[in-house]
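Q: I'm new to this one. Can you walk me through it, beginning with whatever I need to follow the rest?

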Amino acid sequence: MDLQTFRTDLDAWVEEHRAQLTPAPGGEGSLADQLAHLSVVKRLAYDAGFGRWGWPERVGGLGGSPLYRALLGERLTAEGIVQPGGWSMTEVLAPTMIDFAPPELAAAVVPLLLRGEEHWCQGFSEPGTGSNLAELSCRAVRTDDGWRVNGQKVWTSHAHLSDRCVLLTRTGTRESRHRGITALFVDMDTPGITVRPLETMHGVDEFCEVFFDDVLVPADRLLGDVDGGWAVAMDLLPYERSTALWHRGAYVRRRFEELLDTADPGALDPADVGNVALQLFALRAVSRRTQHRLADGDRLGPETSVDKILLGTAEQAVFDLVATGLSDEVVAGTDSTSARWRSDFLYSRAATIYGGTSEIQRNVLARRVLGLGEEP
Ligand SMILES: Cc1cc2nc3c(=O)[nH]c(=O)nc-3n(C[C@H](O)[C@H](O)[C@H](O)COP(=O)(O)OP(=O)(O)OC[C@H]3O[C@@H](n4cnc5c(N)ncnc54)[C@H](O)[C@@H]3O)c2cc1C
């Protein structure tokens with residue numbers, strides 16, 4: 001199917017299924033409702049074929065360019081039918097599973113994620129290890145038939161509602177840094193895993209602390225090589241800055257348009273509006289190029305840090321403008337529309353943190369793209 005036909009068919013399908021493709025629950029509320037709604041949308045999209053285009057046939061896809069995924073997610077997130085955060089998990093985790101999981105494992109589990117039958121989480125950050133990921137200490141020790149894991153993760157988005165986790169563990173010495181890390185694919189109902197949700201300042205139980213006490217992981221859940229987990233992380237992080245960001249950018253752009261439609265024109269400084277529009281345009285242009293590079297089969301790398309910096313900056317600029325132009329709603333409104341604006345404003349503060357902070361992205365660009373020296 002060519003992209004234009006895909007787009008036309010998608011439009012018709014969305015209109016036909018309006019009764020189920022309702023706006024995702026938003027504002028301050030339970031993440032469980034959002035993810036339940038996400039499952040419904042993913043199942044519908046998968047069964048209609050739209051959720052399978054752009055994914056390899058060996059994991060339940062229909063093949064073709066990843067641009068199909070960009071178009072589907074853009075449509076659903078821009079209209080608020082799915083929350084970009086929940087939708088993005090698939091774009092962040094599935095490509096790396098396809099690249100690094102044993103083929104039979106990927107074939108068994110990726111379709112469950114694509115069809116919304118499962119939710120997955122990403123267990124990278126630890127209490128003492130966020131930006132300095134290579135120093136993580138959650139330990140995996142070999143057993144006769146797999147691994148025994150002990151340690152803690154934190155800020156693990158959706159862990160309390162997830163069925164599986166892509167987990168980074170320490171298998172070498174801590175001094176071996178990125179050379180002693182191993183990635184595992186872990187069932188979240190394995191005995192020894194304790195999950196404690198953490199509430200964000202926008203009132204959603206978005207992420208969790210996750211404790212591992214003598215958790216046994218079978219040998220066939222290894223992703224990539226033993227002590228080769230850094231390659232898995234370096235594969236995954238650029239995906240976090242590609243199609244997932246395209247979808248989030250679409251959502252933020254739609255909110256900007258809604259702001260312009262809603263706010264009293266006198267409440268907004270035209271120069272500020274123009275500045276934000278420019279930032280959104282720059283984000284779209286750069287992210288569009290990344291989507292096309294992905295479609296051309298390019299391997300994404302540290303240059304995608306540019307996309308992440310632009311997203312964080314543009315998202316915060318949009319919601320700073322919201323705080324100026326709609327301040328009554330953002331600060332004091334009690335209806336669901338106000339709650340959504342307030343929630344989006346507060347969540348935008350995280351845009352320069354998750355997926356690697358803006359400072360770290362600038363370090364990545366300086367060291368790995370511009371070659372300005374190794375990390376000390
Ligand atoms: C909404 C949200 C969802 C998240 N979801 C997940 C998830 O699902 N899975 C997961 O594993 N993690 C997740 N995270 C965690 C996220 O990846 C980390 O918060 C992030 O990498 C920063 O790490 P940290 O919080 O430990 O901050 P720190 O690393 O302690 O950084 C603190 C500050 O110091 C700065 N800093 C640190 N080192 C340097 C340096 N070398 N040079 C310049 N400045 C520096 C940082 O930029 C930051 O401003 C999430 C975070 C948020 C906010």
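A: Start with one cut-off: a residue counts as buried when its relative accessible area is under 20%. Also keep in mind that this is a predicted model.

Q: OK, so is Tyr68 buried or exposed?
A: Tyr68 has a relative accessibility of 7%, which is under 20%, so Tyr68 counts as buried.

Q: And how many aromatic pairs are there?
A: The count is 7 aromatic pairs. One of them is Phe6 with Tyr68: the ring centres are 4.8 Å apart and the planes stand at 50°, so this pair is tilted.

Q: Where do Phe6 and Tyr68 sit in the chain?
A: Phe6 is in helix H1, residues 3–16, and Tyr68 is in helix H3, residues 67–78. They are 62 residues apart, so the pair links distant parts of the chain. Phe6 is buried, at a relative accessible area of 0%.

Q: What about Trp53 and Tyr68?
A: Their ring centres lie 5.3 Å apart with the planes at 50°, so that pair is tilted. Trp53 belongs to the loop between helix H2 (31–48) and H3, while Tyr68 is in H3, so the pair ties together parts 15 residues apart in sequence. Trp53 and Tyr68 are both buried.

Q: Which residues form the aromatic cluster?
A: Phe6, Trp13, Phe50, Trp53 and Tyr68 form one cluster.

Q: Switching topic. What lies over the face of Trp341?
A: Arg255 does, at 3.8 Å from the ring centre. Lys308 lies over the face of Tyr354, at 4.8 Å from the ring centre.

Q: Now helices. How do H7 and H8 cross?
A: H7 covers residues 243–262 and H8 covers residues 270–295; their axes come within 10 Å and cross at roughly 155°. Angles over 145 degrees count as roughly antiparallel, so H7 and H8 are roughly antiparallel to each other. The crossing of H7 past H8 is left-handed.

Q: Which residues make that contact?
A: From H7, they include Thr243, Leu245, Trp246, Gly249 and Phe256. From H8, they include Val273, Val276, Leu280, Arg284 and Gln291.

Q: Last one: where is Gln34 found, and what does it touch?
A: Gln34 is in helix H2. Not counting residues up to four places away in sequence, Gln34 touches Pro25, Gly26 and Gln83.

Q: Is Gln34 buried or exposed?
A: Gln34 has a relative accessibility of 12%, so by the under 20% cut-off Gln34 counts as buried.

Note on methods. Residues are numbered from 1 along each chain as its sequence is written. This is a predicted model: local features need pLDDT of at least 70, side-chain atom pairs count only at pLDDT 80 or more; totals for chains, interfaces and linings use all residues. Side-chain values use heavy atoms; hydrogens and water are left out. Rings of Phe, Tyr and Trp (its six-membered ring) pair if their centres lie within 6.5 Å; planes under 30 degrees apart count as stacked, over 60 as edge-to-face and the rest as tilted. Helices (H or I, at least four residues) and strands (E, at least two) are DSSP runs, numbered from the N terminus. Buried means under 20% relative accessible area, exposed over 50%, partly exposed in between (1.4 Å probe, protein chains only). A charge sits over a ring if NZ of Lys or CZ of Arg is within 6 Å of the ring centre and within 35 degrees of the ring normal. Axes are lines fitted to C-alpha atoms, for helices over the stretch in contact, and angles run from 0 to 180 degrees between N-to-C directions. Angles under 35 degrees count as roughly parallel, over 145 as roughly antiparallel, 65 to 115 as roughly perpendicular and the rest as oblique. A crossing is left-handed if the near helix is turned anticlockwise from the far one by less than a right angle, and right-handed if clockwise. Contact means heavy atoms within 4.5 Å.
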